[in-house]
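Subject: Structure handover

Hello,

Here is the structure you will be taking over.

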Amino acid sequence: MVMLKQNFDFISKRKIALVGSGLLLLISAASLIINGLKLGIDFTGGTLIEVGYSEIVELESIRSALETHEFGDATVQHFGTAKDVLIRIKPREGVNHSQASVQVLSAINSSSEQIADLRRVEFVGPQVGDELAEDGGLALLYSMFGILVYVAWRFEYKFALGSVAALIHDVVITLGFFSVLGLEFDLTVLAAILAVIGYSLNDTIVVYDRIRENFRNLRKGTPSSILNNSLNQTLSRTLMTSLTTILVLIALALLGGEIIHNFAIALLVGVLTGTYSSIFIASPVVLALGVRKEDLMLPEKEGLDIDTRP
Amino acid sequence: MQNTFPLWKNLFVVMVLGLGLLYALPNIYGDDPSVQISSTRTTQLNDDQLNLIKETLTAQGIVAKAIEFKDDQILVRLENLDDQMKAADYLKSALGRGFTTALNLAPATPAWLRAIAAEPMYLGLDLRGGVHFLLEVDMDAAVKQAEERYVGDIRGALRAEKIRYASIAKVNDFVQVKLKSEADAANAKAVLGTEFRNLKLSDGKELFVIEARISLDEQKQIKKFALAQNMTTLRNRVNELGVAEPIIQQQGDARIVVQLPGVQDTTRAKEILGATASLEFRMVDVKHDAQRAAKGKQPIGTRLYRERNGKPILLKRQIIVTGDQIVDASSGLDQNNSAAVYITLDGIGAKKMGRTTRDNIGKPMAVVFIENKVETRISNGKKIRHKEKLEEVINVATIQGVFSKRFQITGLDSTTEARNLALLLRAGALAAPIEIVEERTVGPSLGQDNINQGTLSVFVGFVLVLVFMAAYYKVFGLVANVALAFNLVIIIALLSMIQATLTLPGIAGIVLTVGMAVDANVLIFERIREELRNGNSPQASIYAGYEKAFGTIFDANITTLLVALVLFGFGTGPIKGFAVTLSLGIMTSMFTAIMGTRMMINLIYGKQRVKRLSL
């Protein structure tokens with residue numbers, strides 16, 4: 001049986017963690033402000049065309065074919081293999097975008113001996129793109145709010161703040177990762193970010209649950225020692241679950257295909273930061289907010305009365 | 001102490017697993033290439049067609065696996081793709097134009113499974129290939145059209161009451177009625193007030209002017225009607241295209257989702273779906289010179305048009321027949337081998353056409369082709385809806401004799417154009433122009449790739465977790481692995497039962513669930529280890545481990561479920577698929593990881609005196 005060292009002093013290391021996290025958050029925020037995210041056409045609008053060839057194809061020939069047909073601003077790149085090509089056309093003035101895919105296909109086929117196999121077309125009109133972005137932002141906000149309320153109800157408001165702080169930490173760093181590396185941010189990545197929230201919260205709740213239990217059962221001990229004990233008791237579970245999840249995510253990233261590659265990457269980064277934050281952010285925040293034994297005691301009898309708060 | 005489940009609990013777990021296996025089973029049978037025959041608006045399938053299909057297939061030596069007739073559809077299952085193509089061609093020509101033949105891949109679920117409503121999962125377009133369109137109905141245009149109709153109606157009402165007016169015209173967002181005297185204005189107001197209850201009347205700034213606005217309720221009605229009418233028309237058009245299992249759904253107030261599985265020719269699909277082509281028949285004005293009218297003012301009672309070659313032509317304002325009155329249209333070749341559309345009019349149209357042709361033998365009549373196009377473009381960073389109305393005279397012919405119900409028109413550029421026009425006339429016009437605001441097309445090769453890669457990553461991820469769990473938790477790990485496998489089976493069974501759409505992100509959701517589903521077991525097993533370390537007996541540790549871990553698992557999963565629900569609420573298409581599989585996975589994993597493993601652990605260790613647990 002593998003035994004993990006069960007008495008690591010996490011709480012005393014929280015200052016170091018704070019500096020590390022702060023640095024990462026700073027880099028992320030700076031990159032998000034300066035570089036922004038490389039938004040996919042789901043959010044910007046535009047057209048994306050993926051074509052497949054039976055043999056390896058030169059990008060230059062496709063580019064020149066597109067240039068002669070007035071798609072000079074298209075970005076052309078290989079996608080996955082040298083036989084697959086991805087063409088992106090930005091939304092621009094005076095172009096009928098719903099027809100662009102047809103024109104692009106005929107343009108590249110007219111100037112090449114190989115006939116392209118149309119694998120995928122995505123066209124998002126400008127009005128839809130804005131809505132998707134708005135819905136995505138709202139989804140993030142609403143899920144954060146829902147979590148805040150649920151955790152405050154099940155535990156206590158200090159825990160709610162702690163868990164949301166950890167979530168914001170994870171989301172910002174994952175977004176920052178995409179910004180720094182210039183990875184494309186599309187709808188599936190947004191879904192991954194939301195899944196990260198779910199996952200990271202899962203981790204945090206498990207720790208909180210143990211903290212609550214220990215506060216109720218242990219008569220002695222300072223809050224910081226109780227937190228430390230709780231973190232150590234849940235440590236092997238935290239690491240085990242993260243490991244299994246990371247294993248499947250690696251499988252997904254390597255084998256799942258190009259379309260969900262970024263989705264898997266976002267989840268991987270999110271699961272890593274989520275595991276870290278449930279230990280080094282969520283609990284220290286609760287401590288910093290001054291958690292006490294009384295916060296978590298079972299409600300007295302009068303607590304069973306009908307709650308008259310609005 | 002012993003750890004045992006009551007009999008009913010064991011039976012319950014076994015029953016759920018059995019049902020899971022049963023309903024997941026249809027997914028392993030694959031598809032039959034098949035031809036799907038359905039009726040159109042004017043026809044009804046019956047045993048005659050069934051017999052005709054059987055005869056045709058026998059005559060061509062094609063062996064059908066099965067022929068099924070249900071829900072006003074005939075499904076012919078075939079052995080291979082070659083037979084499918086051949087059968088589709090022969091059946092199409094044998095059945096004629098009254099029926100739609102479409103290629104389809106029908107699930108090859110055995111009859112006994114279908115009898116208990118067990119079906120395979122419904123694959124999304126990203127897995128089976130096809131086109132997804134999001135169409136936006138131009139609601140402003142619908143209201144504008146209604147206002148224009150009111151102009152005519154008001155004119156008619158005032159005439160009927162013999163109230164003299166100076167002018168009636170649409171101005172901005174209302175209809176302006178100018179009258180000649182105070183008394184006329186009062187009378188007109190009274191007449192309009194009783195006749196058109198949906199109009200809000202008010203006095204204009206000028207004297208004797210009434211402004212009529214469509215009430216908000218009526219506007220809502222108009223928009224609702226436009227959407228419903230457009231959906232009907234789109235459904236007709238999609239049926240004409242011959243697509244198996246199309247989805248046409250309303251989304252929001254002004255949008256329609258159209259999904260066409262298996263369709264590859266998106267160009268044609270787009271042309272047909274978005275087109276607003278219609279026809280008008282008008283007499284040619286021969287009294288005035290069209291060239292001069294093109295330069296200056298057009299004579300009263302006429303409208304200036306252009307022919308396809310750009311030549312101006314003057315037509316009379318009065319319309320003889322419009323596209324609405326066409327009940328059937330088919331394309332073909334005329335005696336000179338040029339493309340023609342054969343038209344059949346309804347009763348009223350036929351009467352009008354008959355009267356007009358009788359009175360005008362020897363005079364020229366024109367066919368006007370009308371098309372509305374709408375699209376949103378970005379100009380100076382702003383979104384501007386760009387509208388274009390194309391009206392051209394495609395044909396001018398001298399009336400040789402009287403005709404009414406059936407006749408042909410020529411002057412079209414190609415047989416394709418004739419075919420498309422005939423289709424559009426048959427399917428009916430759109431109540432308001434529509435614009436494609438989103439398109440997602442996935443080719444069949446990519447769809448298959450997505451399925452393969454998705455399945456592979458589920459498989460590899462699954463095996464990795466199995467190995468890891470078995471190595472770390474020994475017998476308990478193996479038990480968790482069995483539970484995990486059943487979790488997968490139950491997810492697939494549930495997805496099949498509710499016929500939720502499985503998308504690529506949905507598969508990713510399943511993969512993620514595999515990773516997270518073991519979490520419950522990890523929590524329980526770690527708890528049991530802890531209890532053992534604290535010196536408790538194995539049986540007591542098992543009991544306490546499950547009891548204490550439950551609250552944690554519950555809390556942790558509820559919050560994840562909360563996030564999945566938000567995802568479902570806000571996500572569109574593929575994201576929804578992810579949310580569905582994730583939430584299903586969370587719920588099923590609670591069952592398999594807690595009840596399922598507990599049952600197995602109980603059976604293995606529950607009744608004996610255990611000294612050591614293999615954990």
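Start in chain B, where Val175(B) stands opposite Ala212(B) in strand 10 of chain B. Please keep in mind that this is a predicted model.

**The sheet around strand 8 of chain B**

Val175(B) belongs to strand 8 of chain B, residues 174-179. The side chains of this strand alternate. Val175(B), Val177(B) and Leu179(B) point to one face and are buried.

Strand 8 of chain B pairs with strand 10 (residues 209-214) of chain B through 4 bridges, and the two run antiparallel. Strand 8 of chain B is also joined to strand 7 (residues 165-171) of chain B, again antiparallel, by 6 bridges. There, Ser167(B) stands opposite Lys178(B). Strands 7 and 8 of chain B form a hairpin with 2 residues between them. In the turn, Asn172(B) has a positive phi of about 45°.

**The sheet around strand 17 of chain B**

Next, look at strand 17 of chain B, residues 339-345. How much of it is buried? The strand is mostly covered, with 5 of its 7 residues buried.

Strand 17 of chain B pairs with strand 16 (residues 326-333) of chain B over 7 bridges, in the antiparallel sense. Ala329(B) has Ile343(B) as its bridge partner. The hairpin of these strands has 5 residues between them, and Asn337(B) takes a positive phi near 65°.

Strand 17 of chain B also pairs with strand 20 (residues 406-410) of chain B. That pairing is antiparallel too, over 5 bridges. Here Tyr342(B) stands opposite Gln408(B).

**Chain B as a whole**

The domain assignment of chain B gives four entries: domain 1 (7-25 + 444-606), domain 2 (30-108), domain 3 (140-219) and domain 4 (275-441). The C-alpha centres of domain 3 and domain 4 of chain B lie 30 Å apart.

The secondary structure of chain B comes to 16 helices and 22 strands. Its radius of gyration is 34 Å, well over the 25 Å that the globule rule gives for 615 residues, so chain B is more spread out than a compact globule. The C-alpha trace spans about 110 × 70 × 45 Å along its principal axes. Buried residues make up 43% of chain B. Of its contacts with a separation of 6 or more, 72% are between residues 24 or more positions apart.

One such pairing in sequence terms is worth a look. Ala540(B) sits in helix 15 (residues 538-570) of chain B. Is Ala540(B) buried or partly exposed? Ala540(B) counts as partly exposed, because it has 16 C-beta neighbours inside 10 Å.

**Chain A**

The domain assignment of chain A gives domain 1 (11-39 + 129-298) and domain 2 (46-124). Their centres, taken over C-alpha atoms, are separated by 40 Å.

Leu18(A) is found in helix 1 (residues 14-34) of chain A. With 14 other C-beta atoms within 10 Å, Leu18(A) is partly exposed. The C-alpha atoms of Leu18(A) and Ile281(A) are separated by 7.7 Å, across 263 residues of chain.

**Where the chains meet**

How many residues of chain A are in contact with chain B? The count is 62 residues of chain A, in contact with 63 residues of chain B. Several elements of chain A give two or more residues to this side, among them helix 4 (97-110), strand 5 (117-124) and helix 7 (187-217). Helix 8 of chain A gives the most, with 14 residues. By class, this side of chain A has 34 nonpolar, 18 polar and 10 charged residues.

Strand pairing also crosses between the chains. Strand 5 of chain A is joined to strand 21 (residues 434-442) of chain B by 5 bridges, and the two run antiparallel. Within that pairing, Arg120(A) has Val442(B) as its bridge partner.

**Confidence**

The predictor gives the complex an ipTM of 0.84 and a pTM of 0.79. For chain B the mean pLDDT is 85, and 97% of its residues reach 70 or more.

Best wishes

Key: Residues numbered from 1 in each chain as written. Chains lettered and ligands numbered in written order. Predicted model: local features only at pLDDT ≥ 70, side-chain atom pairs only at ≥ 80, totals over all residues. pLDDT = per-residue confidence, 0-100. Domains from an automatic or database assignment. Rg over C-alpha atoms; globule rule 2.2 N^0.38 Å. Buried ≥ 20, exposed ≤ 12 C-beta atoms within 10 Å, placed from the backbone. Contact = placed C-beta atoms within 7 Å. Nonpolar A, V, L, I, M, F, W, Y, C, P; charged D, E, K, R; others polar. Pairing = 2+ DSSP bridges.
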